[in-house]
Amino acid sequence: MYFPSWLSQLYRGLSRPIRRTTQPIWGSLYRSLLQSSQRRIPEFSSFVVRTNTCGELRSSHLGQEVTLCGWIQYRRQNTFLVLRDFDGLVQVIIPQDESAASVKKILCDAPVESVVQVSGTVISRPAGQENPKMPTGEIEIKVKTAELLNACKKLPFEIKDFVKKTEALRLQYRYLDLRSFQMQYNLRLRSQMVMKMREYLCNLHGFVDIETPTLFKRTPGGAKEFLVPSREPGKFYSLPQSPQQFKQLLMVGGLDRYFQVARCYRDEGSRPDRQPEFTQIDIEMSFVDQTGIQSLIEGLLQYSWPNDKDPVVVPFPTMTFAEALATYGTDKPDTRFGMKIIDISDVFRNTEIGFLQDALSKPHGTVKAICIPEGAKYLKRKDIESIRKFAADHFNQEILPVFLNTNRNWNSPVANFIMESQRLELIRLMETQEEDMVLLTAGEHNKACSLLGKLRLECADLLETRGVVLRDPTLFSFLWVVDFPLFLPKEENPRELESAHHPFTAPHPSDIHLLYTEPKKARSQHYDLVLNGNEIGGGSIRIHNAELQRYILATLLKEDVKMLSHLLQALDYGAPPHGGIALGLDRLICLVTGSPSIRDVIAFPKSFRGHDLMSNTPDSVPPEELKPYHIQVSRPTDFKVSAH
Ligand code: ASP
């Protein structure tokens with residue numbers, strides 16, 4: 001067992017000299033202040049009874065009298081115990097002589113995970129008993145006094161990281177789960193990254209950290225918001241889905257570089273990688289264009305990136321929305337690996353294969369394919385069956401698996417209609433190797449691409465579970481996706497429009513005329529930041545002209561402009577051109593730490609169903625407490641209290 005002393009490394013790692021920024025603004029005062037403060041390792045034992053942390057002791061401390069406070073990690077044969085704090089583990093020798101009987105009793109009787117304070121001398125371990133896997137493995141503590149600060153009852157699970165526990169149990173006893181090495185690492189790394197972000201934004205680039213209200217009103221369009229009852233009958237606050245309106249109003253107010261570590265709320269139900277409350281690094285600037293925002297974010301990430309990871313390389317590549325969809329079937333492509341979508345319509349212009357013929361005869365019909373490297377070797381027949389079922393169930397599409405170079409006996413009968421010349425042309429276009437497999441589909445461009453985009457990721461996961469390394473786990477592949485459409489057809493009514501980002505996003509300067517003729521075709525000044533196939537940020541240049549904003553809201557989006565009259569009015573009082581972005585902090589830290597879920601980088605997250613399993617939230621409220629809010633609860637007849 002070993003518990004690396006990672007904390008000092010984390011602090012050192014994150015305390016990089018400021019020359020690594022892309023656009024440093026060298027204020028001489030800031031330079032000297034920051035350079036000296038950033039190289040310091042924090043004083044972890046100031047103001048408290050301990051003299052040192054458990055994890056920091058080394059041979060250099062030999063002979064020192066120390067006082068340590070920590071949790072008993074384990075005890076062996078009543079001769080020594082291992083004490084743990086956030087910084088690591090240290091071995092403590094339990095005294096055996098009569099004169100220290102009371103110390104021995106305290107240390108031997110206290111259950112595991114009890115909190116103790118010990119004082120003693122740092123000594124070397126006897127020759128041959130050093131533990132090279134433990135950062136404190138050369139030394140141990142010869143105890144003189146010990147105090148039991150608090151005993152621990154029988155635990156619902158062992159704290160040790162390698163002991164598996166269900167997530168529900170971890171969330172129920174979150175305060176115990178937080179003691180694990182992994183949670184400590186995640187939350188401390190998060191704090192350090194945020195610290196560096198603040199430093200970069202405020203100290204190096206003059207941003208102002210401003211808090212905006214949490215009790216607000218409904219914003220048209222966008223995500224579903226939580227309502228908070230007020231004492232005025234029938235009137236509600238909304239919890240903001242983001243500080244969007246406020247940050248724009250701050251620009252009108254002349255606070256021309258705003259940022260906030262902002263808590264946002266979206267009542268979007270359960271999704272594995274979402275939380276009803278989450279945190280954004282929210283940014284807005286006046287007099288900026290898209291490239292300005294992009295450079296700012298590249299510099300911000302480069303500056304705050306942990307040193308134990310490969311450095312961030314800037315500038316990040318850029319791809320248009322159309323290209324992302326055509327090549328990866330999604331607006332958030334995972335660019336760590338290939339398997340790109342290839343348009344092979346031309347190969348099949350004269351095909352005899354019915355469903356391909358059919359698709360190509362339609363106006364936007366295409367034939368597309370992806371190549372699964374070594375798919376013939378690693379994918380099984382039942383994998384192909386479930387891929388075909390997925391395509392049929394979710395996309396109403398056919399998928400044809402084709403082995404171009406191998407003669408698999410389960411090559412589909414339809415594939416036998418592929419002519420030799422077509423086979424050779426496909427091998428050339430798809431660059432297939434001996435054991436590769438091609439998945440082919442036909443249909444309307446967007447639909448075919450979306451399906452293949454999904455299958456590309458599914459197959460990558462499948463190959464990886466079978467031992468193929470497709471995605472380097474140490475690689476961070478950033479990508480800007482730009483030139484989004486300004487509007488998308490509404491899901492529930494495709495004849496109506498909704499904003500692809502939000503209704504305050506400015507149209508692409510070359511497409512403004514389209515707003516009045518073919519709004520569906522207008523591109524926007526919206527940009528997303530993608531990391532390893534996850535959207536970690538998004539923003540836009542905003543509309544700062546009240547008339548254009550009113551036209552988009554009222555005429556194109558059919559929204560009630562009265563709800564936004566304050567914003568429209570503000571735009572009329574000399575609003576500067578402005579734009580901004582928000583980074584999803586939870587998702588970013590999740591990816592940086594390689595955590596399986598964003599819940600692993602949030603101290604007290606909600607469960608999959610939006611519940612706090614520790615405190616049992618949300619909870620019911622007695623009717624008399626609802627009275628001041630003029631609210632009555634009517635329970636559905638099939639209402640059941642659910643656990644998670
Ligand atoms: N408020 C936007 C969001 O939460 C980000 C932005 O446009 O700045 O997605």
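Is Tyr175 buried, partly exposed or exposed? Tyr175 is partly exposed, its relative accessible area being 45%, where buried stands for under 20%, exposed for over 50% and partly exposed for what lies in between, with a 1.4 Å probe and protein chains only.

## Basis of the model

The structure is a predicted model, in which local features need pLDDT of at least 70 and side-chain atom pairs count only at pLDDT 80 or more, while totals for chains, interfaces and linings use all residues. Residues are numbered from 1 along each chain as its sequence is written, and side-chain values use heavy atoms, with hydrogens and water left out.

## Overall architecture

The protein chain has 644 residues, of which 50% are buried, and its C-alpha trace spans about 95 × 70 × 65 Å along the principal axes. Its secondary structure comes to 18 helices and 21 strands, taken as DSSP runs numbered from the N terminus (H or I with at least four residues for helices, E with at least two for strands).

## The ligand and its shell

There are 13 residues around the ligand, and Gln244, Lys247, His501, His502 and Arg542 come nearest; a residue is counted as near if one of its heavy atoms lies within 4 Å of the molecule or strand in question. By class, the shell has two nonpolar, eight polar and three charged residues, where Ala, Val, Leu, Ile, Met, Phe, Trp, Tyr, Cys and Pro count as nonpolar, Asp, Glu, Lys and Arg as charged, and the others, Gly among them, as polar. Helix 7 (244-252), strand 20 (534-541) and strand 21 (578-584) each supply at least two residues of this shell, and strand 21 gives the most, with three residues.

Polar contacts are pairs of N or O atoms within 3.5 Å; within protein, one atom must be able to donate a hydrogen and the other to accept it, and residues adjacent in sequence count only if both atoms are side-chain atoms. A nitrogen atom of the ligand lies 2.7 Å from an N or O atom in the side chain of Gln244, and for the side chain of Ser242 the corresponding distance from a ligand nitrogen is 3.0 Å. An oxygen atom of the ligand is 2.9 Å from a polar side-chain atom of Gln280. Taken alone the ligand exposes 270 Å², and the protein buries 90% of that, with accessible areas from the Shrake-Rupley method with a 1.4 Å probe and, for residues, only the protein chains shown counted as cover.

## Salt bridges

A salt bridge is a side-chain nitrogen of Lys or Arg within 4 Å of a carboxyl oxygen of Asp or Glu, and by this rule the count comes to 36. One of them joins Asp282 and Lys247, with an N to O distance of 2.7 Å; this pair links distant parts of the chain, Asp282 being in strand 10 (residues 277-286) and Lys247 in helix 7, 35 residues apart. Asp282 is buried, at 1% relative accessible area, and Lys247 is buried at 1% as well.

Asp177 and Arg174 form another salt bridge, with their closest N and O atoms 2.6 Å apart. The two residues are three apart in helix 5 and therefore separated by about one helical turn. Asp177 counts as buried at 3% relative accessibility, and Arg174 is buried at 2%. Lys521 and Glu518 also form a salt bridge, at 2.9 Å between the closest N and O atoms, but here Lys521 is exposed at 53% and Glu518 partly exposed at 37%. Salt bridges that share partners join Asp334, Arg336, Asp461, Glu464 and Arg471 into one network.

## Surface patch

## Backbone features

A cis peptide bond with omega of about -10° joins Val314 and Pro315, and Pro315 is found in the loop between helix 8 (290-304) and strand 11 (318-320). The peptide bond from Thr617 to Pro618 is also cis, with omega near 0°.

Phe47, a residue other than glycine, has a positive phi near 70°; Phe47 is exposed, with a relative accessible area of 87%, and is placed in the loop between helix 2 (28-38) and strand 1 (65-76).
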